[in-house]
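Morning, everyone. Please have a look at the model on the screen. I'll walk through a few spots in turn.

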Amino acid sequence: MTNKQKIELRLSEVRQRLNEISGLEGDAFTDEIRGEADTLQSEYRDLEVRHRAAITSESEEEARMQGAFNEGDGESAEIRQLMGAVSIADYLTPASAGRGVEGRAKELNAALKVEAVGKGGGVAIPWAVIAGPTPAQPEGRQVEQRAFTTTTNYAGGIAARPILQRLFGPGILDALGVRLDSVPSGRAEWPLLTGGVAPDMKAEGTAADAAVAASFTTETLKPKRLTGKYEFTHEQVAQVPGIEEALRRDLADAVRSKMSDLALNGDESTNAQEPDGFLTKLSAPSAPGAVATYEDFAGSHASAVDGIHAQTEMQVSSVIGVASYQLAAKTYRSGAGSDESASEALKRRSAGCVASSYIPAAPAAGAKKDVQDGNIFHGAGPNGGGAAMRGDSIAAVWPTLEVIRDPYTQASQGVVLTWVSLWDLEAAFRSAAYKRIAFKVA
């Protein structure tokens with residue numbers, strides 16, 4: 001718990017006690033109670049001063065750490081200019097040569113207050129750069145071509161073309177309302193206010209109801225390591241242009257993909273290093289007995305409308321399985337002249353609906369044969385300024401994703417390339433904002 005949060009809790013306790021004292025009447029208001037009230041009022045003034053100081057101090061720290069993760073709304077013109085001028089290649093090139101960052105990349109790290117060298121001795125790349133557009137692929141290299149008379153003598157030179165990257169499923173954290181918070185070293189704690197006063201109308205001269213204590217649900221996130229490494233030989237470096245840069249980008253893409261996968265499928269009970277994902281936190285629905293119809297798909301977003309987390313279907317977004325989406329695309333509304341598919345209805349009657357490869361496929365046998373029950377619907381509005389601001393789910397990211405180049409451990413064979421990132425997740429922190437729905441797809 002941060003210093004600011006401790007002060008806020010104490011302020012709440014002092015206010016509660018002062019409210020209780022203000023409701024005392026007659027003989028109940030003793031000299032001892034009066035002395036307690038004076039002491040609490042003095043403490044309250046001191047707490048207010050400390051609270052303002054803590055807000056100033058911690059907001060500066062949070063802004064510094066947030067700058068390491070993304071640009072943020074309050075970034076300076078200098079940072080925006082550097083972000084536009086710097087690419088991931090400005091970090092990968094010196095890392096490949098075993099040097100530290102320099103030039104514009106070094107200036108950006110300094111502006112974001114991110115150390116240029118990570119704890120493992122590798123080049124520290126701000127998340128803002130990782131999340132940016134992928135830099136241009138290295139140009140192919142033309143090998144030597146000699147003169148020839150016919151194709152029998154020589155069929156022509158071989159041009160090495162740019163390496164085509166692996167493809168991963170797009171990230172789904174935004175669609176699921178996961179707020180990404182960049183945090184400093186140590187564990188981070190999020191208190192969620194879950195209960196409090198219920199105001200009531202009173203007749204003239206009638207005191208208010210007795211004060212009630214606010215109730216909180218607190219979640220503490222700690223660093224969990226998500227890492228991977230590549231090994232490549234000296235011969236590959238000589239033969240394949242741009243192999244190291246391509247592998248670095250591939251590892252970064254793989255890390256982001258794994259975060260989305262764990263956000264859905266993580267299960268701490270089977271792997272203590274994983275966060276619990278949505279499919280672990282949200283109970284599986286009953287299996288439907290019939291194949292999903294147009295009406296089942298078209299009305300599905302309304303299931304997350306509860307008048308609190310969402311008031312209309314247009315404030316509900318969804319991430320559904322590929323098989324469910326494919327069935328919706330070929331299921332049409334009944335009636336003469338109807339040409340709208342269920343997938344069109346899913347899009348038209350919601351804040352957004354996307355298919356994701358991270359949703360588990362429907363089982364081919366058993367009690368849930370052909371039932372895809374990992375579809376997640378999120379009531380993303382209207383309260384709290386939108387899904388990301390409201391924090392229905394929280395992900396903590398420790399500020400940089402570090403790349404470590406090790407040319408020594410297997411020096412006779414090649415190079416070992418390692419990525420290290422630290423993060424943790426609390427999926428469905430506000431569980432009532434989510435619905436898990438099942439569709440029978442065959």
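Thr418 touches Thr227, Gly228, Lys229, Glu402, Val403 and Ile404, leaving aside residues up to four places away in sequence. Contact here means heavy atoms within 4.5 Å. Thr418 sits in strand S13, residues 414-426. Helices (H or I, at least four residues) and strands (E, at least two) are DSSP runs, numbered from the N terminus. Is Thr418 buried or exposed? Buried, with a relative accessible area of 18%. The cut-offs: buried is under 20% relative accessible area, exposed is over 50%, and partly exposed is in between, with a 1.4 Å probe and protein chains only.

A word on the source. This is a predicted model, where local features need pLDDT of at least 70, side-chain atom pairs count only at pLDDT 80 or more, and totals for chains, interfaces and linings use all residues. Residues are numbered from 1 along each chain as its sequence is written, and side-chain values use heavy atoms, with hydrogens and water left out.

Next, helix H3, residues 77-85. Ile79, Leu82 and Met83 are buried there. They cover an arc of only 105 degrees around the axis, so they lie on the same side of H3. That arc is taken from the directions from the helix axis to the C-beta atoms. The face turned away from the buried side carries Gln81 and Gly84, both exposed.

Last, the rings. How many aromatic pairs does a search of the whole structure find? It finds 2. Rings of Phe, Tyr and Trp (its six-membered ring) pair if their centres lie within 6.5 Å; planes under 30 degrees apart are stacked, over 60 edge-to-face, the rest tilted. Phe297 and Phe439 form a tilted pair, 4.5 Å centre to centre, with 40 degrees between the planes. Phe297 lies in helix H10 (residues 294-298) and Phe439 in strand S14 (residues 434-440), so the pair ties together parts 142 residues apart in sequence. Phe297 and Phe439 are both buried.
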